[in-house]
Amino acid sequence: MKVEIFSDVVCPWCYIGHVRFAKAAERFRAKGGTIDVTMRPYQLNPDAPVAGEPLIPALERKFGPNARQMVERVTGAAAGEGLEMDYDHAVSANTFEAHRLIEVAHRQGRGKEMTERLFRAYFSEGLNVGDADVLAKLAAEVGVEDGGEGADQVREQLGRARALGISGVPLFLFEGIYAVSGAQPEEAFAAAIDEVAERTGQTPITQLAAPADGCDDDGYCAV
C-alpha cells in the first residue's frame, strides 16, 4: 500500500498525526501487510523568513489572545502521544529547505528518520529549521548526505498539493485516490488502512496459529 503524507514540519497536528499513523501502520504490518510511506511537502507559511523569529509572538499576531489557549490544547494532545512541545523556545521559520532535505533523505531511504528529527528539532529543541547550518547538522545526525538537490521536486510537489485542492495538513493520501485529513486517532487510521486494503485487494491474510515448520520460497527443504 502506498501512502503519501502531506505535512509541514512546523505543524503540531502533523507531528501528532505522524505518530498516530505510524502506530496504526505498524499494526497493519504486524498482520502481514506492507505500507510504503512517502512524505510530501506543504508550507503553511511560505513567506516566513529564513532568519526565523520567536514563535509565540508570531502566533499572538495571527491569533490574538487565543494563541496561548491554542498552544495549551495542542501541547496537551502531544503529551498524550509522548511528545514534548516547547512553544516558549520554538522558532518560526521558512520550511522550504527543510522539505528539500526530507526529499534528499527519502532518496537515501531515510525520509521517515529525517522528518521525525526535524519535528523534534522544531518543537522540542527550539532550533531554526530554516537555517542552513542547523539543517546540515541534523542531516549529519541522521546520516543523510545533502548535495543541495531536491528543490525542483519540492516545488513540483507543492504545486501538486495545490492542484489536489489541499488547504490544510496533515493529509494522508492512500494509493493516490483515498484521502484522510487531520491528526485522526490511531483507531481511525487503522480502520482507514484496513478499508483501503480491502478496496484495493491488499488485505493481508490472517494467521490463525503461530508459524511452525514448513518450506519457503527460498528453497528450504525444496524437492
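This is a predicted model: local features need pLDDT of at least 70, side-chain atom pairs count only at pLDDT 80 or more; totals for chains, interfaces and linings use all residues.
Rolling a probe the size of a water molecule over the atoms shows where empty space is left. The largest pocket holds about 720 Å³ of space. Its lining is made up of 28 residues. V10, L44, L59, K62 and F63 are the closest to the centre of this pocket. Helix α2 gives the most, with six residues. By residue class, the lining of the largest pocket has 19 nonpolar, four polar and five charged residues.

The second largest pocket holds about 320 Å³ of space. It is lined by 18 residues. Nearest its centre lie H18, R29, V37, M39 and K112. At least two lining residues come from each of α1, β2 (36-41), α4 (96-107) and α5 (111-124). The largest share, six residues, is supplied by α1. The lining of the second largest pocket divides into eight nonpolar, five polar and five charged residues.

The cysteines were examined next. The count of disulfides is zero. C11 has a relative accessibility of 5%, so C11 counts as buried. C14 is also buried, at 2% relative accessibility.

Aromatic rings were then compared in pairs. A pair of aromatic rings is described by the distance of the centres and the angle of the planes. The model contains eight aromatic pairs. In one of them, the ring centres of Y15 and F119 are 4.7 Å apart. Their planes meet at 10°, so the pair is stacked, the class for planes under 30 degrees apart. Y15 belongs to helix α1 and F119 to helix α5. The pair therefore ties together parts that are 104 residues apart in sequence. Both Y15 and F119 are buried.

A further pair is formed by Y87 and F123. The centres of these two rings are 6.2 Å apart. The planes of Y87 and F123 stand at 50°, so this pair is tilted. Y87 sits in the loop between α3 and β4 (91-92), whereas F123 sits in helix α5. The two residues are 36 residues apart, and their pair links distant parts of the chain. Y87 has a relative accessible area of 9% and is therefore buried. F123 is buried as well, with a relative accessible area of 1%.

These two pairs belong to a wider group. Ring pairs link Y15, Y87, F119, Y122 and F123 into a cluster.

Technical notes: Residues are numbered from 1 along each chain as its sequence is written. Side-chain values use heavy atoms; hydrogens and water are left out. On a 1 Å grid over the protein atoms alone, a cavity is a set of points where a 1.4 Å probe fits but cannot get out, and a pocket is an open set with protein on both sides within 12 Å along at least five of seven lines; lining residues have an atom within 4 Å of a point. Grid points are joined across faces, edges and corners, and a volume is the space filled by probe spheres set on the points. Helices (H or I, at least four residues) and strands (E, at least two) are DSSP runs, numbered from the N terminus. Ala, Val, Leu, Ile, Met, Phe, Trp, Tyr, Cys and Pro count as nonpolar, Asp, Glu, Lys and Arg as charged, and the others, Gly among them, as polar. A disulfide is a pair of cysteine sulfur atoms within 2.5 Å. Buried means under 20% relative accessible area, exposed over 50%, partly exposed in between (1.4 Å probe, protein chains only). Rings of Phe, Tyr and Trp (its six-membered ring) pair if their centres lie within 6.5 Å; planes under 30 degrees apart count as stacked, over 60 as edge-to-face and the rest as tilted.
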